[in-house]
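This briefing goes through one model by topic. Please keep the sequence and the structure open while reading.

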Amino acid sequence: MTAPASPPKKVRGEPILAVENLVKHFPISRGVVFQRQIGAVRAVDGVSFDLRRGETLGIVGESGCGKSTLARLLMRLEMPTSGAATLEGRDLFAARGGELRRLRRNMQMVLQDPYTSLNPRMTVGDIIGEPFEIHPEAAPKGSRQQRVQELLDMVGLSPEHINRYPHQFSGGQRQRIGIARALALRPEVIVCDEPVSALDVSIQAQVINLLEQLQDELGLSYIFIAHDLSVVRHICDRVAVMYLGRIVELGTEEEIYQRATHPYTQALLSAVPVPDPEQRDNQNMIRLIGDVPSPANPPSGCRFRTRCWKAQDVCATQDPDAVPRAADPHPSACHFAELREPTSPS
Amino acid sequence: MRRNRPTRGSERKAGTVSQSAVQPTPASPTPEGGHLLEVRDLHVEFRTGEGVAKVINGVSYHLDAGETLAVLGESGSGKSVTAQAIMGILDTPPAVIRSGQIRYQGRDLLTQSEEQRRQVRGTEIAMIFQDALSALNPTFPVGWQIGETLRQRAGMSRGDARRRAIELMELVKIPDAANRLGDYPHQFSGGMRQRVMIAMALALNPKVLIADEPTTALDVTVQAQIMDLLSDLRRDLGMAMILITHDLGVVAGVADRIAVMYAGRIVEHADVRSLYKTPAHPYTKGLLESIPRLDFHGQQLSTIRGLPPNLMRIPAGCPFHPRCPYVQQVCLDVVPHDLVLGDGRTSACHFAQEVRDDRAR
């Protein structure tokens with residue numbers, strides 16, 4: 001049982017992961033023989049944050065805002081165009097060979113789709129044990145099977161299922177297998193990229209509870225990427241809101257959900273349907289018009305200005321920084337940051 | 001709280017395993033057969049190499065003109081298959097409609113010829129699908145695709161169809177419709193593609209619109225736009241709508257009535273407010289308790305234990321009993337009836353009243 005800790009749980013601890021002005025541009029090229037670059041998709045365009053030991057940092061945003069690219073950068077599946085990240089003080093992007101392997105042991109990932117992220121031809125034991133092939137020092141050869149069974153038990157699956165194949169499990173169980181694989185090397189940081197969005201509601205709650213329980217038992221730090229704001233509020237200590245490759249607002253769960261000052265955050269929150277028909281008529285919703293602009297050609301100045309009801313001339317010329325604002329002392333990238341009246345229902 | 005009260009037998013018709021479900025809403029003011037669309041005791045199974053999956057096991061629901069019925073359920077609950085049966089687009093085989101009726105304006109669609117059903121499809125009942133990108137043909141411009149229905153079914157000339165397609169695209173608020181007529185589906189964003197599909201469904205002025213997870217693939221801000229559009233259109237055009245979804249939040253915003261499905265049955269049927277306030281089936285109650293809420297930072301989520309049943313081996317008795325916190329001996333043996341709770345509410349649970357009155361939330 002997770003202890004029902006005091007509401008702002010564990011916003012303590014030193015930073016374990018520090019990300020500084022991270023940028024990833026994907027080139028757009030044209031031409032078959034003479035390839036030339038004609039532009040770039042600015043998937044991640046200057047992102048900075050800290051992850052503290054034992055906390056869950058949520059990253060929310062709509063599709064195309066760069067949250068999955070950010071995850072891939074942190075896992076070093078992509079190299080950044082510029083910027084830096086340190087894991088426990090060591091440079092994530094300078095590491096090579098053995099040092100990189102040691103870094104990677106400490107940082108693992110849970111993927112979104114439990115149907116495609118497990119190899120259908122491998123048994124569950126092989127899937128969860130595969131990290132030990134790459135990092136033999138993590139578990140001596142003789143003890144691997146036992147360790148895999150421990151992991152299965154830890155994520156709530158029966159250790160006897162070690163010789164089964166992924167297709168013999170349901171979606172929720174497969175996601176547990178993915179979590180067991182991520183835990184195999186005893187990492188301190190786990191990047192969860194939409195870990196529950198492919199699951200049914202009744203199964204989703206089971207996996208969320210499992211993630212929280214494992215965090216309490218093992219002292220894990222999570223980066224929790226999701227588009228479902230209700231899930232993020234439930235599980236996260238701090239939340240970063242991304243829009244077109246930038247973090248537009250960053251704060252504690254309470255700061256974001258109760259005292260958001262960025263118009264995009266406010267609109268995003270008000271668009272989430274509340275499962276209560278009594279509130280059908282008295283929700284004062286903000287309806288954004290239009291779609292997210294293309295990250296290949298983001299608007300000048302503030303990137304949100306094309307959909308923002310507060311936009312002024314200054315927004316087109318001056319790019320607002322994510323700095324603490326007068327309305328509330330948490331970083332918000334808006335020239336006209338202010339609290340919303342009345343604040344979200346609660 | 002899960003103690004069965006000694007009085008429980010008095011108000012409940014316990015026992016008989018007769019499959020023919022009681023008509024869900026005897027309290028409805030409309031006379032028998034007067035519903036616009038009515039599904040009666042539908043049974044559908046899928047015959048596959050591995051066995052027979054009983055996907056729909058006695059589903060009954062009805063829809064009156066101008067109302068919105070939400071059909072709520074998780075994957076595999078049979079909510080989409082029911083809709084496909086109504087539309088007559090089930091793949092047969094493997095699907096087999098074992099029994100039941102689908103009555104539209106009093107006529108049973110299941111006894112009609114394919115030609116007769118074609119006359120209903122689109123002109124009377126139309127459907128929109130979850131994934132607009134795969135529902136649209138990538139090799140034709142959207143204007144052509146909207147117009148195709150008009151040319152084929154309404155006998156319009158190409159020029160008329162084109163003009164009407166522009167009107168329809170304006171109706172679903174696609175900006176700059178006249179210029180986007182020639183664009184291909186991949187040139188539209190997800191929300192705009194969903195609008196194109198809605199425009200196609202509305203082309204022949206249907207009286208019933210079936211929306212199968214219309215916003216599941218979309219971001220929240222776009223989801224809100226599409227749901228607003230759908231409810232505005234429903235109101236302005238006087239359509240009735242069946243909204244198929246798994247999202248309790250979306251349902252709360254638009255539906256008049258809800259039918260909750262589990263393992264191919266409707267386990268609870270109620271008006272939207274009563275269902276959220278006093279769920280009368282343990283499954284509905286479990287679902288409502290297991291969703292994280294945006295409006296408060298919760299503690300541990302309560303969960304529904306276990307997994308949905310394998311439809312090839314649906315448990316005996318109540319199909320929900322292996323996961324149910326209220327389970328008693330009777331649930332293991334006896335399939336519960338639709339218990340009528342008044343106000344048109346039904347719940348297929350032996351302990352429906354206890355569940356409804358158990359205010360543990």
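The model is predicted. Chain B has 361 residues, of which 49% count as buried. Its secondary structure consists of 14 helices and twelve strands.

**Chain B overall**

- Eight strands of chain B make up an open sheet with mixed pairing, and their order is E6-E7-E8-E3-E9-E10-E12-E11.
- At the edges are strand E6 (125-128) and strand E11 (339-342) of chain B, each of which pairs on one side only.
- From one strand to the next, the twist averages 20°.
- Strand E10 (residues 265-271) and strand E12 (residues 345-347) of chain B run antiparallel and are joined by two bridges.
- Glu268(B) has Ser347(B), in E12(B), as its bridge partner.

**Helices packed on the sheet**
- Helix H2 (residues 79-87) of chain B packs on the sheet, where it touches strand E3 (68-72), E6, strand E7 (208-212), strand E8 (240-245) and strand E9 (257-262) of chain B.
- The direction of helix H2 of chain B makes about 145° with that of E7(B).
- Helix H8 (residues 190-202) of chain B also packs on the sheet, touching E6 and E7 of chain B.
- The direction of helix H8 of chain B makes about 170° with that of E6(B).

**Contact between chains A and B**
- The contact draws 40 residues from chain A and 39 residues from chain B.
- On the side of chain B that touches chain A, at least two residues each come from helix H9 (220-237), helix H10 (248-254), helix H11 (272-277) and helix H12 (282-290) of chain B.
- H9(B) supplies the largest share of that side, seven residues.
- By type, the residues of the side of chain B that touches chain A are 16 nonpolar, 16 polar and seven charged.

**Pro187 of chain A**
- Pro187(A) sits in the loop between helix H5 (171-183) and strand E7 (189-193) of chain A.
- Pro187(A) counts as partly exposed because 19 other C-beta atoms lie within 10 Å, whereas a buried residue needs 20 or more.
- Beyond its neighbours within four places in sequence, Pro187(A) is in contact with Arg105(A), Asn106(A), Met107(A) and Gln108(A).
- Pro187(A) and Ala260(A) lie 33 Å apart in space, C-alpha to C-alpha, and 73 residues apart in sequence.

Notes. Residues numbered from 1 in each chain as written. Chains lettered and ligands numbered in written order. Predicted model: local features only at pLDDT ≥ 70, side-chain atom pairs only at ≥ 80, totals over all residues. Contact = placed C-beta atoms within 7 Å. Helix = DSSP H or I, 4+ residues; strand = E, 2+ residues; numbered from the N terminus. Nonpolar A, V, L, I, M, F, W, Y, C, P; charged D, E, K, R; others polar. Buried ≥ 20, exposed ≤ 12 C-beta atoms within 10 Å, placed from the backbone. Pairing = 2+ DSSP bridges. Axes fitted to C-alpha atoms, helices over the stretch in contact; angles between N-to-C directions.
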